[in-house]
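Open the structure in your viewer and keep the selection tool at hand. Each stop below says what to select and what is there.

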Amino acid sequence: MNSLTELFQYSFFIKAMIAAVFASISCGIIGSYIVARRIVFISGGITHASFGGIGLAFFIGFEPLLGAVVFAILSALGIQFFTKVAKIREDSSIAIWWSLGMALGIMFVFLTPGYTPNLMSYLFGNILTVSNSELWWMFALVFLIILSFALFYKPILYIAFDEEFARTAGLRVPLFNYLTITLVALTVVLNIRVVGIILILSLLTLPQATANLFTSDFKKMIGLSTLFAFAGTFSGLIISWWIDIPSGASIIFTLVIIFGIFRLIKHFGQ
Amino acid sequence: MNPLIQINDLSAGYNKIPVIRHVNLKIFSNDFIGVIGPNGGGKTTLLKVISGLLQPLSGSIEFDDELSGKKSIGYLPQIKNIDKKFPITVFDVVRSGLMLNRGKENSANEKQKVTKILEESGIAGISKKAIGELSGGQMQRVFLCRALISNPKILLLDEPDTFVDNTFEGELYERLQSLNEKMAIILVSHDVSSISGHVKTIACMNGGLHYHPENQITQEQLDNYNCPIRLVTHAVRRKTTKNFGA
């Protein structure tokens, strides 16, 4: 137990805890939106497309997260454009952007001279190596999401629930759709360092699945998802340190266990 | 008396392919029109054009100044298109009908209006329930509340009698007749026998629109209007419903 207390004296661990709080809030809010609106597959497409930006950044030599942000937003808007304007089936649009991003990422990494040491931390995450600047970006994201939902909670909820009705009421549906999909893209990318491209989707869906066991109210779902996301991230981090396994995988595994426990409790409690 | 809405030689559809062609219709403030027709005949397309969801391919639709654009139109969509797993409460669904008045209501006013309309509809007790926990009849009542909360001048209803039992259907038409004193109603149904006698006039929709200025229609008239649907008597319909239920 002493060593656990000591852990909180290390600055890298404190930073990891702060990152866990920020990730829980952003993924708690945006994940609830994604699950409620059934756009998990779109989020998967955006996540994987962002790998193209990471590869390009390695190849040219600039900040990989910046490359990921650009590719994530482009793919998010691209999927919307392909579906709504070019009238391509939504699942096909997602698959096109998903595979294009991954293909570009692999090509750029292959073409990059020498070894790319941080590549694995983008693919599988490493919350313990999160930098100060990344923490500031995560804080800015949390601020932006809370501000957007505080100002536009009702139109975001109503459009997500019944887009057609919202249009008959004269709401600016495309504008809000572009806003929310951009927030999804930013959430995906700026939380990549927590659990990685491969696993980020779980942080956006598992806490929500657990929350959904207890509530069908969107606002309460956001609150509960944030709590479950933090519980999973914190416990996963401790477990990863304790038995010395990768933090990203440990966090997601913990989130699955939390879901399983509450699902069983609910099943046998009824 | 000026019509609230005047539709002139209007064609509309999807991907530039017209579903309804050369439709002419005037809707007055005390109208209660039942729109019937086969699947794919353009009934829902007509409602979408009136509600502003779909732009005409040709022709025009004119709104009276009294309507102030589409802000005075209440719309009840087909509930089969609603995501019943969406995490939203009855209260929030009904409150979303106040989007039309956005910026003009504070939270206390909104709450008061939602509570009042839920009480008037006899469903105040389910305001905190999730939408997925409701029966078909309760869900129709909730969406009717949403359509009515902004005090529309025209109410558009897309197959409100599906997924509901005969008791609710009777209550619904009784309520609509009372609402018709304050607003025009356009009701789409695939079942001509259920709307006959409740609406004031009938419009047969099968690509084109044939207006029938009475509330009863015969099979011969339907055939003359090129409207390929079969009349089913109430007795047969009730028996069929019962058999399905069993």
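Two strands count as paired if DSSP finds at least two bridges between them. Helices (H or I, at least four residues) and strands (E, at least two) are DSSP runs, numbered from the N terminus. This is a predicted model, in which local features need pLDDT of at least 70 and side-chain atom pairs count only at pLDDT 80 or more, while totals for chains, interfaces and linings use all residues. Residues are numbered from 1 along each chain as its sequence is written, chains are lettered from A and ligands numbered from 1 in the order in which they are written, and side-chain values use heavy atoms, with hydrogens and water left out.

**Stop 1: the antiparallel sheet of chain B**

Select residues 5-14 of chain B, which form strand β1, and then β2(B); the two pair in the antiparallel sense over 7 bridges. To find one of these pairings, pick I7(B), whose bridge partner in β2(B) is L25(B).

Axes here are lines fitted to C-alpha atoms, for helices over the stretch in contact, and angles run from 0 to 180 degrees between N-to-C directions. Contact means heavy atoms within 4.5 Å.

**Stop 2: an enclosed strand**

Is strand β6 (residues 154-158) of chain B buried or exposed? Of its 5 residues, 5 are buried, so β6(B) is largely enclosed by the rest of the structure. Buried means under 20% relative accessible area, exposed over 50%, and partly exposed in between (1.4 Å probe, protein chains only). In a regular strand the side chains alternate between the two faces of the sheet. For β6(B), colour I154(B), L156(B) and D158(B) for one side and L155(B) and L157(B) for the other; they are all buried, and both faces are covered.

Strand β5 (residues 73-76) of chain B pairs with β6(B) in the parallel sense over 4 bridges, and G74(B) has L155(B) as its bridge partner. Strand β7 (residues 184-188) of chain B also pairs with β6(B) in the parallel sense, over 5 bridges; there the partner of L155(B) is I185(B).

**Stop 3**

**Stop 4: two helices of chain A**

Show helix α4 (residues 64-84) and helix α9 (residues 173-190) of chain A, which pack at an angle of about 145 degrees with their axes 9 Å apart. Residues making the contact include L65(A), A68(A) and V69(A) of α4(A) and N177(A), Y178(A) and I181(A) of α9(A). The contact residues divide into 13 nonpolar, 3 polar and no charged. Ala, Val, Leu, Ile, Met, Phe, Trp, Tyr, Cys and Pro count as nonpolar, Asp, Glu, Lys and Arg as charged, and the others, Gly among them, as polar.

**Stop 5: loops**

Go to D162(A), in the loop between α7 (132-161) and α8 (163-168) of chain A. D162(A) is buried, at 9% relative accessibility. Leaving out residues up to four places away in sequence, D162(A) touches P77(B), I82(B) and R146(B).

Then pick R38(A), in the loop between α2 (11-36) and α3 (40-60) of chain A. Its phi is near 55 degrees, a positive value in a residue other than glycine, and R38(A) is exposed, with a relative accessible area of 54%.

Finish at N226(B), in the loop between α7 (219-224) and α8 (234-245) of chain B. N226(B) is not a glycine but has a positive phi of about 60 degrees, and it counts as exposed at 53% relative accessibility.
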